[in-house]
Amino acid sequence: LKRMDYSYIKASPGWVKIGSTVTASSSSSVDFDDIASTYSMYCIIGSNIRPATDNVSFEVNFGTDGSTYAANKTSVFAYDYNNDAGDDSEGGGMSAVSSLDNSTADQNINSNLNNDANEGKGGMLRAYFTELGQGSNDGIYDIYCNVYSYANRIFATRVAGNILSAADCVRFTMSSGNIATGKFTLFGINQ
């Protein structure tokens, strides 16, 4: 058998934590700016996400200069929810209102968040992105989010879409008020 030379491989497959975990505490936004083209895929993990006020939406947008977050996006927003008592399955579906059609608006990730300090802070997300920092259009995002909603429901969403302009910055906000709590960590993914 001939031994293969793999010395040209620079990085092993896997996840690489980039920078420090960002902890939100009454923060107007959580930003990840100037994301380099080092990785073809990125993931942001969020936990203990809670808004400062009830009945708001959790949102994301993209930009290139670290201050303007208004990239054109097209997306589809799917959701499922259930009463927290577990006594009824209320169902779900697709939301045309939360899906975007070549829009610069903030992308809704999840709706009707609860600011309850005990149950509301259980909000979590996994947000996957491609083409960030590549200087090209047509990045992809695929975001999963699960929160305790204002109406005492477990509300799970999946938002998938295209970023139709170059982007190297990601911003998370609430539709109104601050992010009361939350931890956010950026990872680069080698394949």
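Student: What order do the elements of the protein run in from the N terminus on?

Tutor: In this predicted model, they go β-β-β-β-β-β-β-β-β-β-β-β. That is 12 strands and zero helices.

Student: How much of the protein is buried?

Tutor: Buried residues are 39% of the 191.

Student: Which residues have the most contacts inside the largest nonpolar core?

Tutor: F58, F172 and F184, in a core of 34 residues. Take F58: leaving aside neighbours within four places in sequence, its contacts include I49, L113, L125, F172 and F184. In soluble globular proteins, nonpolar side chains tend to be buried together.

Student: Why is S57 called buried?

Tutor: Buried means under 20% relative accessible area. S57 has 15% relative accessibility, so it counts as buried. You'll find S57 in strand β4, residues 56-63. Setting aside neighbours within four places in sequence, S57 is in contact with N108, N110, S111, N112, L113, T173, M174 and S175.

Student: And why is S47 called partly exposed?

Tutor: S47 comes in at 30% relative accessibility, so partly exposed is the label for S47. S47 belongs to strand β3, residues 41-51. Apart from neighbours within four places in sequence, S47 is in contact with G123, M124, G182 and K183.

Student: How far apart are the C-alpha atoms of S47 and G139?

Tutor: They are separated by 24 Å, and along the chain the two residues are 92 apart.

Student: What makes the phi of N48 worth a look?

Tutor: It is near 55°, a positive value in a residue other than glycine. N48 lies in strand β3. With a relative accessible area of 38%, N48 is partly exposed.

Student: Where is N55, and what is its phi?

Tutor: N55 sits in the loop between β3 and β4. Phi of N55 is near 60°, a positive value in a residue other than glycine. At 43% relative accessibility, N55 counts as partly exposed.

Student: Is E90 buried or partly exposed, and how do you know?

Tutor: Being buried takes a value under 20%. E90 has 26% relative accessibility, so E90 counts as partly exposed. The residue is part of strand β6, residues 89-94. Not counting residues up to four places away in sequence, E90 touches Y81, N82, N83 and R153.

Student: How far apart are E90 and I154 in sequence and in space?

Tutor: In sequence they are 64 residues apart; in space, C-alpha to C-alpha, they are 10 Å apart. Across the protein, 79% of contacts between residues at least 6 apart in sequence join residues at least 24 apart.

Student: How far apart are the mean positions of the positive and negative charges?

Tutor: They are 12 Å apart, for 12 positive and 20 negative charges.

Methods: Residues are numbered from 1 along each chain as its sequence is written. This is a predicted model: local features need pLDDT of at least 70, side-chain atom pairs count only at pLDDT 80 or more; totals for chains, interfaces and linings use all residues. Side-chain values use heavy atoms; hydrogens and water are left out. A nonpolar core is a set of buried Ala, Val, Leu, Ile, Met, Phe, Trp, Tyr and Cys residues joined through side-chain atoms within 4.5 Å. Buried means under 20% relative accessible area, exposed over 50%, partly exposed in between (1.4 Å probe, protein chains only). Contact means heavy atoms within 4.5 Å. Helices (H or I, at least four residues) and strands (E, at least two) are DSSP runs, numbered from the N terminus. Lys and Arg count as positive and Asp and Glu as negative; His and the chain ends are not counted. The place of a charge is taken as NZ of Lys, CZ of Arg, CG of Asp or CD of Glu.
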